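Hi,

Here is the structure I promised to pass on.

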Amino acid sequence: MTSARPASGGPPPSTAEHPWPVRTVSTKVAQWIDRLGSVWVEGQITQINARPGTRTAFLVLRDPSVDMSLSVTCSPQLLRDAPVPLTEGSRVVMFGKLSFYTGRGTVSLRVTEIRAVGIGELLARIERLRALLAAEGLFDPRLKRPLPFLPATIGLITARASAAERDVLGVAQRRWPAVRFEVRHATVQGPTAVPQIIAALDELDHDPHVDVIILARGGGSVEDLLPFSDETLCRAIVACTTPVVSAIGHEPDSPLSDHVADLRAATPTDAAKRVVPDAVAEQALVSELRERSAAALRNWVERESHRVEQLRSRPVLADPLQAIESRAEEVGRLRDAGRRDVSRSIASEATTLEHLQARLKTLGPAATLARGYAVVQKIFGDGGDAESEVLRSVDDAPPGTQIRVRLADGAVRAAVMGRES
């Protein structure tokens with residue numbers, strides 16, 4: 001592989017057969033870095049080395065969010081003339097130019113101005129970050145994950161041998177002696193706090209046995225609590241799949257970690273109380289619920305027993321045959337009344353029938369025949385095929401006509417002998 005053709009007057013291309021000497025590489029690196037020009041840099045001072053009588057002071061400027069630092073050099077007079085005394089842990093903004101020292105092969109920032117970041121500016125930056133995270137929805141209550149009722153294992157991130165650790169462990173074990181903790185110690189203030197807390201948070205979040213994580217620290221100044229308002233830490237808390245409880249400082253303290261966590265506790269002690277249930281209180285609650293359940297069951301049984309007694313005391317259940325017997329008597333009365341009505345109706349109709357029969361006898365042809373009258377019928381045909389009809393006129397019976405004369409006690413046959421006027 002060949003490199004690009006060098007500019008006029010530059011060294012020949014670097015190859016395996018014709019490598020560049022160290023001085024050439026160092027010179028080129030120094031030239032490239034020199035092109036960056038002067039820059040403003042923000043960070044936290046972690047080391048100051050300004051020996052009396054020397055012309056150069058050496059500092060280390062660290063990014064509080066990640067494990068990165070930068071060597072800084074300046075005049076000792078610049079440190080002495082600073083309006084605010086600069087110490088290890090101070091947040092500053094520096095103006096300077098990067099330089100590459102070819103003799104040692106190191107990069108250093110030569111600064112000519114140092115400005116300490118005051119409390120007001122820190123608070124303003126926190127408020128701007130608070131507005132940014134809120135606009136992204138990281139404070140949305142709908143994103144908050146519920147805490148388990150009884151976590152099997154609790155992750156705790158706090159400083160080693162701190163009051164916060166003693167408070168959380170002591171209160172939790174008094175409330176539920178069987179509770180288990182996975183404790184991760186980390187620096188909770190200063191330039192190394194954020195990387196250590198994030199590493200511990202990631203380790204506990206990937207532990208399948210940890211059900212909830214408590215981030216605990218005691219009270220302090222705004223600068224002491226500054227790591228818990230770091231943007232990188234806030235986003236790491238939001239990215240956790242395990243519920244996170246933020247117990248930083250005291251009640252008035254409100255770092256940004258309180259807003260992005262799933263639960264904010266006023267103090268580490270309050271965090272232990274809200275994460276671990278009280279065994280005595282829970283036992284008392286169980287006993288109370290058992291008593292209330294037993295009382296409710298007894299009341300229900302008594303109420304239902306009373307209702308059964310009321311049902312059993314009703315006549316229809318006390319003497320079930322009484323209704324049938326009373327109905328049987330009523331059916332008997334109705335049956336007798338029906339029979340009487342039917343008998344009266346039959347007698348009445350029989351009397352009516354007798355009257356009609358008497359009238360029919362009086363008005364019928366038999367009575368007329370009995371008085372001496374007769375019915376004369378003209379006969380047609382002979383034998384069994386003979387037919388007859390009533391004779392109404394002498395004109396219908398010429399001499400020789402066969403007639404039948406019906407009397408009261410029978411009938412006779414005759415023939416017409418002639419006609420009389």
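Below is what turned up, starting with the overall layout and then going into the strands.

Keep in mind that this is a predicted model. The protein splits into three parts: domain 1 covers 22-116, domain 2 covers 123-277 and domain 3 covers 368-416. If you compare the C-alpha centres of domain 1 and domain 3, you'll find them 166 Å apart.

Let's begin with strand β5, residues 106-116. Which way does β4 run against β5, parallel or antiparallel? Strand β4 (residues 91-101) pairs with β5 in the antiparallel sense, over 10 bridges. One spot to look for is F100, which sits opposite V107 in β5. The hairpin made by β4 and β5 has 4 residues between the strands, and G105 there has a positive phi near 70 degrees. Strand β3 (residues 68-74) is also joined to β5, but this pair runs parallel, with 2 bridges. To find it on screen, go to V72, whose bridge partner in β5 is L109.

Now for another sheet. Four strands make up an open sheet, in the order β12-β11-β13-β14, with antiparallel pairing. Why does one side of β12 and of β14 have no neighbour in the sheet? Because β12 (387-390) and β14 (410-415) are at the edges, and each has a single partner strand. On average, neighbouring strands in this sheet are turned by 30 degrees against each other, ignoring direction. Within the sheet, β11 (residues 375-380) and β13 (residues 402-407) pair over 4 bridges, in the antiparallel sense. There, K378 stands opposite I403 in β13.

Cheers

How values were computed:
Residues numbered from 1 in each chain as written. Predicted model: local features only at pLDDT ≥ 70, side-chain atom pairs only at ≥ 80, totals over all residues. Heavy atoms only, no water. Domains from an automatic or database assignment. Pairing = 2+ DSSP bridges. Axes fitted to C-alpha atoms, helices over the stretch in contact; angles between N-to-C directions.
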